[in-house]
Amino acid sequence: MIPIIISCAIGYLLGCLSPSWAVGKLKQVNIRNAGSGNLGATNVFLHVSKGFGLIIMVFDIFKCVLAIQLAKALFAGITYVPALAGAFSIIGHIYPFYLKFKGGKGSACLVGTILGLTPRIFIPFVLGCIILGIIANYLCIAPIFASASYPILCGLLTHSFLNFLILSIAGAIMILRHRDNIIRIRNHTEPKVRTYFKK
């Protein structure tokens with residue numbers, strides 16, 4: 001149980017680190033009152049600064065990579081603890097305890113989890129998801145599709161049902177966090193890809 005608890009704690013606490021919140025304080029912008037209201041890189045990119053948005057995206061990706069690498073280093077013989085650390089870094093990003101459990105949607109953290117767990121498929125999988133979002137004309141399709149498909153892919157590549165199960169829980173939480181996007185797509189009110197390019 002100790003490796004499980006420590007891996008979950010590492011992932012969650014690193015996931016809770018929210019540079020979006022810090023940038024909002026620095027720039028005196030209430031991120032929760034801007035755009036989607038989420039504490040994520042996309043919202044900062046669109047409503048505060050492109051530079052800060054990119055920095056935050058990189059930070060959110062690599063905090064998950066760090067959580068996974070720490071779990072691997074501490075418990076090298078237990079194959080599922082890296083997935084636990086990655087899943088809980090996503091959960092920590094979405095539900096940071098010190099921000100009333102209201103964070104981002106976990107998209108960049110999922111990218112970091114993919115990089116940390118399965119680096120050999122990182123580029124083709126992430127690019128494929130982005131292209132799918134562009135074709136569908138809704139960028140939010142990319143993280144929604146990745147949330148649903150990556151747990152299956154990771155389970156197959158690692159030959160681990162536990163990895164599939166652990167990541168499926170995090171993926172389901174991410175899809176729930178995107179429910180507003182799904183509703184807006186149904187109502188034809190979700191911003192199209194060209195809207196983001198214009199901004």
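In this predicted model, helix α4 buries a set of residues: Gly53, Ile56, Asp60, Ile61, Lys63, Cys64, Val65, Ala67, Ile68 and Ala71. The helix has 25 residues. From its first C-alpha to its last it reaches 36 Å. That is close to the 36 Å expected at 1.5 Å a residue.

Two charged names stand out for the next step. Both Lys63 and Asp60 are buried. Their side chains meet in a salt bridge, at 3.2 Å from N to O. Both belong to α4, which covers residues 50-74. They are separated by about one helical turn, because they are 3 residues apart in that helix. An α-helix has 3.6 residues a turn, so residues three or four places apart point the same way.

How many salt bridges does the structure hold? The count is 2. Glu190 has 5%, so Glu190 is buried.

A search of the whole structure finds 2 cavities of 30 Å³ or more. Lys63 lines the second largest cavity, along with Gly15, Cys16, Leu17, Ser18, Leu39, Gly92, His93, Pro96, Gly103 and Gly104. About 30 Å³ of space lies in this cavity. Helices α1 (2-16) and α5 each supply at least two residues of its lining. By class, the lining has 4 nonpolar, 6 polar and 1 charged residues.

The largest cavity has a volume of about 40 Å³. Its lining is made up of Ile90, Leu110, Ser147, Tyr150, Pro151, Leu167, Ala170, Gly171 and Met174. Which helix gives the largest share of that lining? Helix α9 does, with 4 residues. Both α8 and α9 (161-177) supply at least two residues each. The lining divides into 7 nonpolar, 2 polar and no charged residues.

Next come the open spaces. About 160 Å³ of space lies in the second largest pocket. Its lining residues are Lys72, Phe75, Ala76, Ile78, Thr79, Val81, Pro82, Ala83, Leu117, Cys154, Thr158 and Asn163. The elements that give two or more residues to this lining are α5 (81-94) and α8 (141-158). Of the elements, α5 gives the most, with 3 residues. Sorted by class, the lining has 8 nonpolar, 3 polar and 1 charged residues.

The last stop is helix α7, residues 122-136. This helix has 15 residues and reaches 21 Å from its first C-alpha to its last. The span expected at 1.5 Å a residue is 21 Å, and the helix is close to it. Which residues of α7 are buried? They are Phe122, Phe125, Val126, Cys129 and Gly133. Why do they sit on the same side of α7? They cover an arc of only 95° around the axis, which puts them on one side. The face turned away from that buried side carries the exposed residues Ile123, Pro124 and Ile135.

Val126 gives a closer look at the buried side. This residue lies in helix α7. Its relative accessibility is 17%, so Val126 counts as buried, the cut-off being under 20%. Val126 and Ser107 are 19 residues apart in sequence. In space they are 11 Å apart, C-alpha to C-alpha. Beyond the helix, α7 is followed by Asn137. The phi of Asn137 is positive, near 70°.

Key. Residues are numbered from 1 along each chain as its sequence is written. This is a predicted model: local features need pLDDT of at least 70, side-chain atom pairs count only at pLDDT 80 or more; totals for chains, interfaces and linings use all residues. Side-chain values use heavy atoms; hydrogens and water are left out. On a 1 Å grid over the protein atoms alone, a cavity is a set of points where a 1.4 Å probe fits but cannot get out, and a pocket is an open set with protein on both sides within 12 Å along at least five of seven lines; lining residues have an atom within 4 Å of a point. Grid points are joined across faces, edges and corners, and a volume is the space filled by probe spheres set on the points. Ala, Val, Leu, Ile, Met, Phe, Trp, Tyr, Cys and Pro count as nonpolar, Asp, Glu, Lys and Arg as charged, and the others, Gly among them, as polar. The expected span of a helix is 1.5 Å times one less than its number of residues. Buried means under 20% relative accessible area, exposed over 50%, partly exposed in between (1.4 Å probe, protein chains only). The arc is that of the directions from the helix axis to the C-beta atoms. A salt bridge is a side-chain nitrogen of Lys or Arg within 4 Å of a carboxyl oxygen of Asp or Glu.
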